[in-house]
Amino acid sequence: MYNAERESLLHHLSAQTLQYDISRYYSQKQKQKAKAKAKSKKQKAKMKDTAQAQLSSAEHQLQIIKEELLVRAKKIEEFEVWLAAELAKATSEAERVKADAQAVVAVYRADAEVAHARAKEIFDAAQVRSFCVAEHAKCQSRRETLEDIYASGFDLTGDIENAKVLEAEAKALLSDDDGSGSSSGSKSGWDEDEAPGED
């Protein structure tokens, strides 16, 4: 009987111990679940705060970028206005320089035409003077030749006088050419006197 009571008592104690262990197990499970839930809630709150902070930071960065874009757009607009003004100024300056160049070319062209005409005039006058000098030398040589012949005993008084007249006329024409530079009168004078002077 003692053994039976003992076994009954052990059995009862074992049942109580098992029930206590089961109760403690469930209690620990509940604590773990509550702790895990609290931890999860805390992590979710932390993640929410982190996401909110990131969102705020992103919004702040976006606002900064918008402001920078506005500043750059304003600078680009100001640069375009300045560039248009500089282009208009350069175009005006180019047109002015072109007009000045055309005026200078016109002046040089006019000067060149005047210089050409003057050079032709000088050339014509030089030709007339050369002709006058040659004719004067020709008349002088003819007179001197006639005087030499007259000195040899031949009577060439008339020819000598005629040669002196032609020489004087040639000298006078040469003097007129030095004073006036006119070629038409000198040439006409030589045309009239050339025939009597030829031998």
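Glu86 and Lys89 both belong to helix H1, which covers residues 2-151. The two residues are 3 apart, about one turn of the helix. In this predicted model, Glu86 and Lys89 form a salt bridge. Their closest N and O atoms are 3.6 Å apart. Glu86 is partly exposed, because its relative accessibility is 29%. Lys89 reaches 53% relative accessibility and so counts as exposed. Side chains of opposite charge can pair when their charged atoms come close.

A search of the whole structure finds 5 salt bridges. Another of them joins Arg96 to Glu93, with 2.4 Å from N to O. Both residues lie in helix H1. Their spacing is 3 residues, about one turn of the helix. Arg96 has a relative accessible area of 43%, so Arg96 is partly exposed. Glu93, at 38% relative accessibility, is also classed as partly exposed.

Arg118 and Glu121 are likewise found in helix H1. They sit 3 residues apart, about one turn of the helix. Their side chains meet in a salt bridge, at 3.2 Å from N to O. Arg118 is partly exposed, with a relative accessible area of 47%. Glu121 is partly exposed too, at 47% relative accessibility. Elsewhere, shared partners link salt bridges into one network. Its members are Glu93, Arg96 and Asp100.

Technical notes:
Residues are numbered from 1 along each chain as its sequence is written. This is a predicted model: local features need pLDDT of at least 70, side-chain atom pairs count only at pLDDT 80 or more; totals for chains, interfaces and linings use all residues. Side-chain values use heavy atoms; hydrogens and water are left out. A salt bridge is a side-chain nitrogen of Lys or Arg within 4 Å of a carboxyl oxygen of Asp or Glu. Helices (H or I, at least four residues) and strands (E, at least two) are DSSP runs, numbered from the N terminus. Buried means under 20% relative accessible area, exposed over 50%, partly exposed in between (1.4 Å probe, protein chains only).
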